[in-house]
Amino acid sequence: MAVLEEPIQERLQLRNYIDGEWVESEGEMKDVVNPATGKVIAQVPISTKAEIDEAIDTAKDAFPEWRATPPLARARCLFRLSNLLEESFEELSRIQTMEHGKTIDESRGETRRGIENVEVATGIPSLMMGYNLEDVAAGIDEYLIRQPLGVFGVIGPFNFPFMVPLWFAPYAVATGNCVVVKPSSEDPISQIRIAELAEEAGIPPGVWSVVNGGRTVVSGMLEHPDVKGICFVGSTPVGRDVIFKGCGDTGKSVIAQCGAKNFVLVMPDADLERTIAACMTSFYGNTGQRCLSGANLVIVGEGLSAQQYDQFYNRVVDAFVDAASRIRIGYGLDESIQMGPLRDKGKKDRVLGYIQQGIDAGAKLRLDGRNPQISGDWPDTCFLGPTVFENVTPDMVISQEEIFGPVASVMKAASLDEAIDMIHANPFGNAASIFTASGKWAREFQYQVQCGNIGINIGIAAPMAFFPFSGSKDSFYGTLHGQGQEIVRFFTESKVVIQRWF
Ligand code: NAD
């Protein structure tokens with residue numbers, strides 16, 4: 001099939017958006033490369049400390065007036081933004097494929113999920129309401145109001161360059177705060193387009209800014225006394241050791257949504273055809289670069305004899321490998337493609353390192369993705385095919401650490417309890433799924449499993465925008481999560497007023 005028209009034809013020189021102005025950075029420029037074609041599609045600045053300071057200072061100046069803007073007027077800006085995003089839906093989706101590598105269908109899904117957050121944030125007059133009670137004592141009434149706090153920083157990961165900052169920024173703005181977004185410097189173009197549309201939507205200068213860059217920008221946010229809190233999504237070492245710690249040291253509120261190693265359980269009564277179809281998206285969607293990706297496939301022999309278990313195990317693994325081996329790999333702007341490249345060569349090398357570790361540890365490489373067949377004439381720099389390991393045990397590194405690539409580790413558990421113990425032995429707690437027709441097993445799974453996002457006959461347990469994007473253990477540091485009601489609470493402070501009239 002033909003490749004769709006690319007929305008980026010000429011190399012972009014990205015700028016920062018500070019105080020309503022598009023400004024060139026004094027920092028060095030870094031290439032943004034389309035991982036499928038190898039072409040440089042943009043250059044992004046690695047901004048300086050002075051630039052992040054300026055963005056925060058001007059956001060602080062914009063805060064009093066924005067805070068005093070009625071919630072419905074703030075919501076109207078977001079209605080306009082949501083309409084503009086909708087009008088640019090296809091362009092935005094294709095940009096994501098170009099800057100990240102995911103397939104166009106995956107990008108369209110990401111665009112939809114991102115816009116849904118803007119839509120939910122338009123409900124701010126209701127979401128932000130407090131409550132009251134009269135006559136709490138003789139002639140005394142009491143009420144609670146929620147107030148915005150000032151300036152917040154949002155730091156995004158590379159794997160969902162469009163959607164993840166939208167788990168936070170629209171709600172920050174809706175609640176009357178000002179926000180400075182730092183996209184991943186690996187794929188920052190979507191966030192620049194969003195800021196352009198935010199400007200067009202009439203969001204005032206200083207209310208929604210974008211500063212590109214890396215560590216300097218992040219430490220600038222952490223050190224600046226006028227940043228009230230940080231929303232971070234990324235890897236566990238950075239989330240835990242840099243962001244959570246840094247916010248603790250400087251007294252900022254924090255959300256740090258981090259890494260994952262997700263288990264998918266297949267019970268003997270699962271609908272095999274639908275389970276395998278769901279597993280393909282779970283394990284190989286976004287080329288495995290998703291915090292909700294399936295990573296460990298646990299085939300559970302609950303209630304089966306040894307012989308029945310062997311047969312069941314083989315049926316599941318054969319069907320899984322067969323489906324995985326038929327995934328079409330190539331440039332995501334070709335609509336027939338089902339899996340794109342990894343984001344860059346460094347990430348591919350990292351995954352190759354894990355594959356080697358699996359082999360060295362004695363796991364059986366049942367499907368080897370190291371020399372994939374690529375549809376189309378693209379350099380093989382970042383492509384890797386679906387990979388399946390069998391005979392994986394809980395002590396192996398490949399079953400413990402986040403690989404963040406298209407690698408499935410198949411494991412065995414004799415019972416549901418044993419499988420749940422395996423999940424709990426892992427330090428991450430982002431997501432876990434079970435495939436079963438049994439309400440009893442499903443209920444037991446949801447009740448016992450200590451993970452933030454639970455899938456029942458769902459391979460990617462991604463919460464909708466009006467639910468929190470959850471997580472626990474090493475997948476999450478903070479108290480509240482992105483999206484919906486929880487993020488509204490994060491961006492506001494409650495104030496209780498007790499009043500008596502004489
Ligand atoms: P990353 O931690 O490398 O980078 C995240 C952000 O932090 C980027 O903006 C980056 O520029 C910045 N950063 C990186 N190193 C830094 C440092 N030393 N000091 C200060 N800032 C630094 O993560 P990534 O590779 O971009 O994203 C992938 C990770 O994100 C995976 O671990 C994935 O599981 C996780 N993730 C989690 C969720 C969730 O909701 N739990 C969602 C999406 C992605």
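Biologist: What makes the set of 127 residues a nonpolar core?

Modeller: In this predicted model, the largest nonpolar core has 127 residues, and those with the most contacts inside it are Leu81, Phe168, Trp208, Tyr284 and Phe320. A nonpolar core takes buried residues of types such as Leu, Phe, Trp and Tyr, joined through side-chain atoms within 4.5 Å, so these five belong to types that count. Helix H11, residues 306–325, gives the most to this core, with nine residues.

Biologist: Which residues is Phe168 in contact with, leaving aside its neighbours within four places in sequence?

Modeller: They are Val154, Cys231, Val233, Ile255, Gln257, Gly482, Ile487 and Phe491.

Biologist: What space lies in the largest pocket, and which residues are the closest to its centre?

Modeller: The space is about 960 Å³. Of the 38 lining residues, Glu186, Phe232, Gly234, Ser235 and Val238 are the closest to the centre. Helix H8, strand E11, helix H9 and helix H12 each give two or more residues to this lining.

Biologist: Why does the lining of the largest pocket have 15 polar residues, and how is Gly counted?

Modeller: The classes there are 16 nonpolar, 15 polar and seven charged. Gly counts as polar, so Gly234 falls in that class.

Biologist: How many residues does H4 give to the lining of the second largest pocket?

Modeller: H4 gives six, the most of any element. That pocket holds about 680 Å³ of space.

Methods. Residues numbered from 1 in each chain as written. Predicted model: local features only at pLDDT ≥ 70, side-chain atom pairs only at ≥ 80, totals over all residues. Heavy atoms only, no water. Buried < 20%, exposed > 50% of the residue type's maximum accessible area, 1.4 Å probe, protein only. Helix = DSSP H or I, 4+ residues; strand = E, 2+ residues; numbered from the N terminus. Contact = heavy atoms within 4.5 Å. 1 Å grid on protein atoms, 1.4 Å probe; cavity = no way out; pocket = protein on both sides within 12 Å on 5 of 7 lines; lining within 4 Å. Points joined across faces, edges and corners; volume = space filled by probe spheres on them.
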